[in-house]
Amino acid sequence: MSFSKAQGLIRLARLAASRRSGISLDEICEEFGISHRTAQRMTDALETTFMNVEAEDGDDRRRRWRVADPMLDRLQPRQETAVEALEIAGRSALADGRLRHASVLADLRDGLLARLAPKDAARTEADAEAVLTAMGSVTRPGPRVNLAPKVLDAVIEALRGPFRLQLRYGDPDAPERVIEPHGLLLGHRSYLVARQPSRGDTILNFRMDRIHTAEALDESFAFAPGFSLEDYAAQAFGVYQDPAQYGEVIWRFAPEVAARAAEFRFHPTQALEQQDDGSLIVKFHAAGWLEMAWHLYQWGNKVDVMAPEGLRSLVEGYQRSDFDGLP
């Protein structure tokens, strides 16, 4: 068995031991990025190599493999990647003002290092720091709106319940209101997605930077029936929601930038259509014309808005021809 295959088998054994219901072939394919047949060969090797391997068919008729072997706890693969991932996540949380998450991630990182021998821990820390520095993870360039940590902590606490949230929004001396938080959209400007009972069942967006005080109440509530934050977010190009602007969006990128545009994921629902003249048509359904205009400006005169007419009018006359680079 090659070294890389041995590493993969050890990882599979740890996954099969750590997951309460075991791991299925489909999950192995997803975890390792392999074919179904290769996953079958891995489970064969798992049963051959390790004792106490159990294979059971679940209620969904899928077979799952589980390893009941405490000796696996003594296996200590190199942890550079895990430390790097925790450190990146922790720094991102700190930059977003999510102090509670940053603290927990730091504790997980320190606990992982504490289980290693001192020599291995020092080497792991040094290797991880080298990668983080090279990735530019120490600082993140670009403008962003600062979020109040106490407000963000209260929002997270309310989402965990879920509990109603009492907040002061807009002006610092505005009257307090009670809302029912459904999710949080983090970006260059972050929004709290919520329902305000006094204003009906409509889902609203509250700018996080305009929330001055927030307190999670000891009052639970039920989410709006059928609500999905992923589906809700997909209705917008960025983070701003405007039902009146929602509809089909069609952009045509010039032949000389078509290859570059094809590398972008402008929207989760996008469809790309290569044209005979070398240009590229991008179609999707979303709202948020202003955020679309901000992005389209970077492409200069290399992109045409074919629909909707409102967005076309918004960018008309602002397409420049003297940009030296592409997004």
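Two strands pair if DSSP finds at least two bridges between them, and strands themselves (E, at least two residues), like helices (H or I, at least four), are DSSP runs numbered from the N terminus. Strands of a sheet pair through backbone hydrogen bonds, either parallel or antiparallel.

This is a predicted model, in which local features need pLDDT of at least 70 and side-chain atom pairs count only at pLDDT 80 or more, while totals for chains, interfaces and linings use all residues. Residues are numbered from 1 along each chain as its sequence is written, and side-chain values use heavy atoms, with hydrogens and water left out.

Let's start with an open sheet of three strands, whose order is 1-3-2 with antiparallel pairing. Strand 1 and strand 2 stand at the edges with a single partner strand each, so one side of each has no neighbour in the sheet. Strand 1 joins strand 3 over two antiparallel bridges, and Ser24 has Arg64 of strand 3 as its bridge partner. Helix 3 (residues 36-49) lies across strand 2 and strand 3, at about 35° to strand 3; such angles, from 0 to 180 degrees, are taken between the N-to-C directions of lines fitted to C-alpha atoms, for helices over the stretch in contact (heavy atoms within 4.5 Å).

| Strand 1 | 23-24 |
| Strand 2 | 53-57 |
| Strand 3 | 63-67 |

Helix 7 (residues 149-160) has 12 residues and reaches 16 Å from its first C-alpha to its last, close to the 16 Å expected at 1.5 Å a residue; the expected span is 1.5 Å times one less than the number of residues. Its buried residues (under 20% relative accessible area, 1.4 Å probe, protein chains only) include Val151 and Ala154.

Ala214 sits in strand 8 (residues 211-220). Why is Ala214 called partly exposed? Its relative accessible area is 21%, and partly exposed covers the range between buried and exposed, the latter being over 50%.

**The nonpolar cores**

A nonpolar core is a set of buried Ala, Val, Leu, Ile, Met, Phe, Trp, Tyr and Cys residues joined through side-chain atoms within 4.5 Å. The largest one has 21 residues, and Trp251, Phe253 and Leu311 are among those touching the most other members. Strand 11 gives the most to this core, four residues. Apart from it lies another core of 18 residues, including Ile156 and Tyr169.
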